[in-house]
Structures are given as structure tokens and as C-alpha cells.
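Please read this briefing alongside the sequence and the model. The points are grouped by topic.

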Amino acid sequence: MTRVQKNNAMERTSRSDWINQISDFIGEYAGANPGYSPLALAGLLTNKFLISPGEARKLAGIVDNELNMNRLFLAAMELNLTFNCNLACQYCFVRRKSHERMAGATAKQAIDLLLDRAVVPEVTITLIGGEPLLEMALIEQIVPYAAEAARRRNRYVNWAITTNGTLIDESALKFFARHRISILLSIDGGPESHDRYRLTKSGAGTWHKIVDLIPLMKKYQPQLGARMTVSTEALDAMREDFRQLVALGLHNLIIGPAHGPKQWSKKQIEQYGLNLVAILHDYCEWKKRGLPLFIEEFEQQDEYVGWGCRAGRTSLAVAPDGSVSPCSKLLGLEVEAGRWIIGNVNEGIDVRLLEPFRNSGNRQPQHCGHCCQRCGGGCYAVNFEQTGNHFLPSEENCLLWTVRQEVKKIGYELRAHDFF
């Protein structure tokens, strides 16, 4: 080998080492600073490796694009502790009922995934099912684990649980109070509406049992939250159902329609909207009298944040067997393609499979782009059940969105003029 060849070889080796050093630095920096700014990285590259500012910005941009394909930006996770339930609610979004139960090791892997890939100091874990209280022993095991795991990473876990309430006892309530686990109770209004669908497996109603437990629940959670799911059969009683829940002392409410493969008719959607306006009237009157009511639909006007929701972007859902999907409603679908599994917490996940959800705006139907109502595209699970496409909203989704937005506008105007 000539001297020139040796010098060229040494230069190539030196340049290769230099590139490897840059690569190692970028990897370490990105790992230690998951929410880093590409501009800040470019500045560090310029100072440390004497790269021109223009080249450094270009390199940081390329790296950021590549890393984003395999990076999670998590803030929340839904843990489906079981797909089993002690009730047989016909409208439940879990279409695939089973006796699957999440193992403690699987739950811990899921928690570690969230905490390791979180981009915020405070994360939220929602315990869901099925009926999560069937797995109270598991809850008592994983909540302290998550608290310690979060402490080691300088993070904090906020907890929530969605329950049908029938298995609540004082021991569970004390545990929830001690660990600040917020309860969302599923109750659909008065006994007729509630017991139409929320039945035991033997066909018995559950309203009276839940109502008897509400004072105990409020003892430990004065701001107890409740979700009132409205079926098409309950439309005529919708306003009265709301009033009954308020009379029971449930003042923090979510009101939403029951979705399924069969779409609501335009007439039913119109009636739902008129009922919401009537409920808003009651809400204003009671708020003026000092009743501490809170319904987010009436208090906040949505700001348009783009097509799609947080599912697959900042939140994931984990099935009892460890399978990971963008959200729990997808996990509950019967059709495997609808569930959109991206891997398993015990074996690894493929973040690239989340790309359609992370860039869902690219899948917005053309006609939606010209719509006067700037919606978020509807629920992915409902879309799939009703249109066969996660990213194609059904007419039901569109019309219900429009109704909700119009009622919110009314609420916003009333609030602006001090009507409540």
C-alpha cells in the first residue's frame, strides 16, 4: 500500500470514528432527553463536533425524523385487567368477553413501558375492563409498584378506575382514597333506563344495589364521577335520568350516547340534541342556585387540535394477555383487524405500526376537509364497526359531533353572559 493509500485509509477510519462518536452522542442525548428540541441538539453538535450550524440543523432534523418513527410520546395508559365482567350489559364496548386475567408480571411490564416512554412528569393509568374490581388483588399489588417505579424515574402516577360499582366495598374505597384513585361510576339514570341494559348475568337489575352504595362511595370520594350512557330506547327519559342522578348526589357527570354497529337515525340524533339543550337549562338553573355541578361538555368549548384523538399518540391500551393497541375500545372489537395490535408488553412492540394514528390527519377523507364542522374524526372503534375503516367517520359520528358542538356553543354563550 502506498503512502497516499495509507493516508486515505487513515482519514476514512478517522472519519468513521468521528461519525460513530456523533451517532453515539445523539443516541445517548435522545435517550436521556426524550422531549428534546432538534434545535438544541443542533447547537450541541456544532459546539462539540465543530459542525457548521447549517449542517448540524440538517443532521438533527434527519435524526429527529428517524427517531420519531420508533419513539413513543406517552402520557397515559389503559390497563384492561380482565375482559370478564359480573354483569352482561348489552351495549358494552367489549364485544369479546372472556375470562382472561392480567398477570402481575404483565401489568408491571406495561407500567414500566409507560414510565420509560413518558414525555411528561405526571402520567395517568386508567384501570378498566370488563369489570376491574374482579381483580382487586392485582390492583393492590400494582399500585404500590407503580408508585415506587415512578419515584425512581422522578415521575408521578395519577390513577383512575371505571367500574359498574356493584363490587365496591369499604375496603376498596379506603384503598382508593389512600392512593388517590378516582372512580368513574357507570350508572345510566333512573332504574328503568339503567336496568334496561345493566343487568346481572341472571337478568337481575343492578340500580338499587348501586344506589345503596353511593353514600358510602361519596364518603371517601365526595367528587365522585359518573357516566350516564344514553341508549336510543332511553331518549324519552334522558332529561329525567339526568335529574335523578343529580338527586342522588352525583354532580360530576359525563353524558354520552351508546354506540354499536347499528347507527342512530337522524330523528334519534335530533332528539338527543334537544335533550342535551333541556339538560343544559336545568344545569344552568341549578348552578345559579349554588349546586356544585360539573359537566365538561357544558363548561369547556373544544379547541380544534386536529384530526384524531390521543389514542396511539400519547396513550396506549393493554389487554389482559399483554397485547397493546391504541385504545381499549379497539381491543374490545370482535374483528382482529379492528383491534390494531402493535405487539405485546412481554415481547416487544412495533412503534411503526402506530404511524396511521400519529399522523391521522393524512387519512382524513377528502370530503371531511371541506366540512364546516371541524371535528376530530370520531371514535376509531366506532368508525371501524360502522364503516369498516378506523379513519372514516360514519354519518352517526358526524351528526352527533355536530350536536355536541352546537350545545357547547350555547353553553359557552350562557357562561359568557353569566347565566351560570
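Predicted model: local features only at pLDDT ≥ 70, side-chain atom pairs only at ≥ 80, totals over all residues.

Residues are numbered from 1 along each chain as its sequence is written, and side-chain values use heavy atoms, with hydrogens and water left out.

**Overall make-up**

- The protein has 17 helices and eleven strands; helices (H or I, at least four residues) and strands (E, at least two) are DSSP runs, numbered from the N terminus.
- Of the 420 residues, 47% are buried; buried means under 20% relative accessible area, exposed over 50%, and partly exposed in between, with a 1.4 Å probe and protein chains only.
- Among contacts with a separation of 6 or more, 70% are between residues 24 or more positions apart, a contact being heavy atoms within 4.5 Å.
- The accessible surface comes to about 20700 Å², and 52% of that belongs to carbon and sulfur atoms; areas come from the Shrake-Rupley method with a 1.4 Å probe, and for residues only the protein chains shown count as cover.

- Eleven strands form an open sheet of mixed pairing, in the order 7-6-5-4-3-2-1-8-9-10-11. Strand 7 (294-295) and strand 11 (348-349) stand at the edges with a single partner strand each, so one side of each has no neighbour in the sheet.
- Two strands pair if DSSP finds at least two bridges between them. Strands of a sheet pair through backbone hydrogen bonds, either parallel or antiparallel.
- Strand 1 (residues 76-80) is largely enclosed by the rest of the structure, because five of its five residues are buried. Ala-76, Glu-78 and Asn-80 are buried on one side, and Met-77 and Leu-79 on the other.
- Strand 1 runs parallel to strand 2 (residues 122-128), joined by five bridges, and Asn-80 stands opposite Ile-128 in strand 2.
- Strand 3 (residues 156-163) and strand 4 (residues 181-186) run parallel and are joined by five bridges. Trp-159 has Ile-181 in strand 4 as its bridge partner.
- Strand 5 and strand 6 also run parallel, with six bridges between them; Arg-227 stands opposite Ile-254 in strand 6. Five of the six residues of strand 6 are buried.

**Helices**

- Helix 10 (residues 266-288) lies across strand 5 (225-230), strand 6 (252-257) and strand 7, and runs at about 170° to strand 6. Axes are lines fitted to C-alpha atoms, for helices over the stretch in contact, and angles run from 0 to 180 degrees between N-to-C directions.
- Helix 16 (residues 380-387) is largely enclosed by the rest of the structure, since six of its eight residues are buried. These are Tyr-380, Ala-381, Val-382, Asn-383, Phe-384 and Gln-386.
- The cover over the buried residues of helix 16 includes helix 12 (328-331), helix 13 (336-339), helix 14 (355-358) and helix 17 (395-416).
- Gly-388 follows helix 16 and has a positive phi, near 80°.

**Nonpolar cores**

- A nonpolar core is a set of buried Ala, Val, Leu, Ile, Met, Phe, Trp, Tyr and Cys residues joined through side-chain atoms within 4.5 Å.
- The largest nonpolar core has 77 residues, of which Leu-79, Ile-139, Phe-176, Ile-187, Ile-255 and Tyr-272 touch the most other members.
- Another core lies apart from it, with eleven residues, among them Ile-22, Ile-26, Leu-41 and Phe-49.
- Beyond its neighbours within four places in sequence, Ile-255 is in contact with residues including Met-228, Val-230, Tyr-272, Leu-276 and Ile-295.

**Cysteines**

- The structure holds zero disulfides, a disulfide being a pair of cysteine sulfur atoms within 2.5 Å.
- The closest cysteine sulfur to that of Cys-85 is in Cys-89, 5.9 Å away and so too far for a bond. Cys-85 is buried, at 10% relative accessibility.
- The closest cysteine sulfur to that of Cys-379 is in Cys-327, 5.8 Å away and likewise too far for a bond. Cys-379 is partly exposed, at 22%.

**Charged residues**

- Glu-355, in helix 14, is partly exposed at 23% relative accessibility. Its C-alpha atom is separated by 8.8 Å from that of Arg-313, 42 residues apart along the chain.
- Lys-219, in helix 8 (residues 207-220), is exposed, with a relative accessible area of 56%. The C-alpha atoms of Lys-219 and Lys-174, 45 residues apart along the chain, are separated by 9.9 Å.
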